[in-house]
Structure formats: C-alpha cells, structure tokens
Amino acid sequence: MNDYPAPLVPPGQTVPVPRRIRATLDGRVVLDTQDGIYLWEFPPYPQYYIPVADVADGVLTDTGETKEFEHGVARVHTAGSGKAWVYDDGIAKDRVRFQWDALDSWFEEDEEVFVHPRSPYARCDAIRSGRQVKVEYDGKVLAESRSTVIVFETGLPPRYYFPRTEVNFGHLTASETRTACPYKGRTTGYWSVDGRDLAWSYDFPTAPLLPIAGLIAFFNERVDVTLDGVPLDRPVTHFSD
C-alpha cells in the first residue's frame, strides 16, 4: 500500500471539460471546443475527447482500419504526425481522441498544457517545510536541508525540492534530459550519477508551482531519503527504472 494518495477515478468514467480546449498544428488552430469531455482510459489521468465537429477540415484522414478499446470501437485516422480515433457510438459517440504528440501544442483557455490533460481531481501543491531532509546515493550525500519545498502531487510520492546551495553538485553530472509535466511545466535541467538521471529542476514552473523555481528535486525511487532522521523506503512507481 502506498503512503501517499492514489488516483481515485476508475477507467471508463467521463465528465465534462469546463475549459475551452484548443490545439495547433503547423502554426494554425485545428481544434477549438467548449464541449470536450474527459475520459479516463486508466486511473492516473484522463484524455480529452473532442467533438469531431470542432476539428478543422482536413486534419483527420480515415485509414479504413478500426481498433477496439474497452469503451468502444474507433475508426483509426491519421492526424498531424500521429493518430486519432473517431467513435461512432458509445460513451464517446461523435468524438475524437488524438495522440497527444500528433498535434504541436495544446491549450486550456490561454495556457499551454504539456504531456497530457490535467486531471480535475488531482492536486499538486508546493509547500515550504522545515523538516530535515537528506538524500544519499551509493553512500554519498547529494543534498541535505531544513529548508525544502515539498511537492505533494496526487498519485506520486512527495518530492523534496532543495535550495541549490544545499545540493552537492560535486557528485552530480549535468544531463541533456529534458521533460515536461502538465502541472509544473518544462524542466530546465537534469543531473545524473553514473549515467542515471537522479535530479531535475524547473527554473520557470507554472504559476501555482512558483515556489519550486530554481530548486533541485530527486527521484525518491532512485535515491535514499532520510526524513527527520528516519530512513524512508524507496517507493515503487513508473519512475523506478
């Protein structure tokens, strides 16, 4: 059992998207809707299902193939640099679900969203803490502080963000890795040990996560964390590899 909150929504559930959703391809807006729905294909987060009528002409090309999902049978289309699935019946009738990377960028209202839609039932809070946190790897102390910002994100273990002055960069090597998060934005730095990425930073996070700007966090799954003198078990998540 995890010692942090797990996602609550079961696969197959749908709810309305109250936000205007737009996406671009080759410099133009190719979908614009205020009638999207969220559909959970698996628990962590939903996908947008967009009314076909709100997609620009010429974006979708029917391949003549079909694919069966738990929530229905879809006609397979090409779209941009990827695929899309159009449903003629069931809970997603007359809607299309795009591969996220098929289109160039996605927006909720006027803010860009990265990687996947934000779950309306997820929290991502950045909270200052005076607890003593130490991070070690292979017996070496990588960071230690009583002035971290803890990010509590639904479905993931707490992440401890350290001031740079309390991180031992002598044990870390800058990495070319860059990632993005729908709640925090795009990373601006990664650091590794022996070729394994262990730490990252957001210099320009999204507005709700501004407290973590410029701070350094570590994968709890890959390092040894001690909290107030108590060693924590390494959590098992999809970041454990």
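Modeller: A residue is called buried when its relative accessible area is under 20%, exposed when that area is over 50%, and partly exposed in between. This cut-off will be needed below. Please note that the model is a predicted one.

The largest nonpolar core comprises 23 residues. Within this core, the residues with the most contacts are L31, Y48, F98, L103 and W106. At least two core residues come from each of the strands β2 (21-25), β3 (28-33), β4 (37-42), β5 (45-51), β8 (82-87) and β9 (95-98). The greatest contribution is that of β2, which supplies three residues. In soluble globular proteins, nonpolar side chains tend to be buried together.

L103 shows how such contacts are arranged. Not counting residues up to four places away in sequence, L103 touches A23, T24, L25, V30, L31 and F98.

Three bridges join β10 (residues 105-108) to β11 in the antiparallel sense. W106, one of the core residues with the most contacts, has V113 of β11 as its bridge partner.

Two loop residues deserve attention for their backbone. Most residues other than glycine have a negative phi. E109, in the loop between β10 and β11, is not a glycine, yet has a positive phi of about 55°. Because its relative accessible area is 40%, E109 counts as partly exposed. D94 is likewise not a glycine and has a positive phi, of about 65°. D94 is placed in the loop between β8 and β9, and its relative accessible area of 46% makes D94 partly exposed.

T226 belongs to strand β23 (residues 224-227). T226 counts as buried because its relative accessibility is 15%. Leaving aside neighbours within four places in sequence, T226 is in contact with Q132, V133, K134, E136 and P231.

How values were computed
Residues numbered from 1 in each chain as written. Predicted model: local features only at pLDDT ≥ 70, side-chain atom pairs only at ≥ 80, totals over all residues. Heavy atoms only, no water. Helix = DSSP H or I, 4+ residues; strand = E, 2+ residues; numbered from the N terminus. Buried < 20%, exposed > 50% of the residue type's maximum accessible area, 1.4 Å probe, protein only. Contact = heavy atoms within 4.5 Å. Core = buried A, V, L, I, M, F, W, Y, C linked by side-chain atoms within 4.5 Å. Pairing = 2+ DSSP bridges.
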